[in-house]
Amino acid sequence: MGLEKERAETSVIMDQEEFNRSIEPILLHKEKGFSEAPDRDPNDVNAHLKVAFEDVIAEPASTHSFDSVWVGSHAAFELVKFACYRLLSTLLAVPVAFVLGLLFGVLSCVHIWLVGPVIRVLLTFLPPAQTVWRKLLDSFVAPLYHSMGKSMSSIQVRSSEKK
């Protein structure tokens, strides 16, 4: 336990896969193995919101800031984005979910019990109504326009020049 004056040449060699497995949190391991968190957006509804720092802040090859500025701004961006989302989702998630559940519940009820049956009734009664409407048009409107057409066909229009 004194001062050591010799230098020891030691190194630990680990392949990348073994290293990545060794730094995973121990609490996440279960007895049967590691299971991934469920995908909360399996249909990619919010694919347009997958924004990375490089998508927002991009320095061209000709213009670069200091590496420490780039790393610090990247960390600040990710931290603020994460904290803001967590804060807003904590405050708004339950009330917005309640309102949207209410809205979609009412919409579903109206569509199932009102709109759907009304459309089915209309589709049931429209073919006979179409037949009746066509008979009314053929009986009253068609002869009127037919006679107006015959009387207007005898009208001749000529243009003449007065000298």
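The protein has a mean pLDDT of 82, with 78% of its residues at 70 or more; pLDDT is the predictor's confidence in each residue, from 0 to 100. This is a predicted model, so to speak of local features takes a pLDDT of at least 70, side-chain atom pairs count only at pLDDT 80 or more, and totals for chains, interfaces and linings use all residues. Residues are numbered from 1 along each chain as its sequence is written, and side-chain values use heavy atoms, with hydrogens and water left out.

**Confidence by element**

- Helix α3 (residues 67–153) has the highest mean pLDDT among the elements, at 93, while helix α1 (residues 16–22) has the lowest, at 54.
- Helices here are DSSP runs (H or I, at least four residues), as are strands (E, at least two), numbered from the N terminus.

**The annotated span and the nonpolar patch**

- UniProt, in an unreviewed entry, lists residues 91–114 as "transmembrane region"; its positions are given in the numbering used here, feature names are shortened, and annotations may be inferred rather than shown by experiment.
- That span, residues 91–114, is 100% helix and 0% strand, and its end C-alpha atoms are 35 Å apart.
- On the surface, F98, V99, L102, V106, V110, I112, W113, L114, V115, I119 and L123 make up a nonpolar patch with about 1,100 Å² of accessible area together.
- Patch members have over 30% relative accessible area and no salt bridge; nonpolar side chains (Val, Leu, Ile, Met, Phe, Trp, Tyr) are joined within 5 Å, like charges within 9 Å.
- A salt bridge puts a side-chain nitrogen of Lys or Arg within 4 Å of a carboxyl oxygen of Asp or Glu.
- Areas come from the Shrake-Rupley method with a 1.4 Å probe, and for residues only the protein chains shown count as cover.
- V110, one of the patch residues, sits in helix α3 and is partly exposed at 35% relative accessible area (buried is under 20%, exposed over 50%, partly exposed in between; 1.4 Å probe, protein chains only).

**Aromatic contacts**

- The whole structure turns up two aromatic pairs (ring centres of Phe, Tyr and Trp, its six-membered ring, within 6.5 Å; planes under 30 degrees apart are stacked, over 60 edge-to-face, the rest tilted).
- F53 and W70 pair edge-to-face, 4.9 Å centre to centre with 65 degrees between the planes.
- F53 is in helix α2 (residues 53–56) and W70 in helix α3, so this pair ties together parts 17 residues apart in sequence.
- F53 is buried at 2% relative accessibility, whereas W70 is partly exposed at 24%.
- F53, W70 and F77 form one aromatic cluster.

- D44 has a positive phi, near 55 degrees, despite being a residue other than glycine.
- D44 lies in the loop between α1 and α2 and is partly exposed, at 41% relative accessible area.
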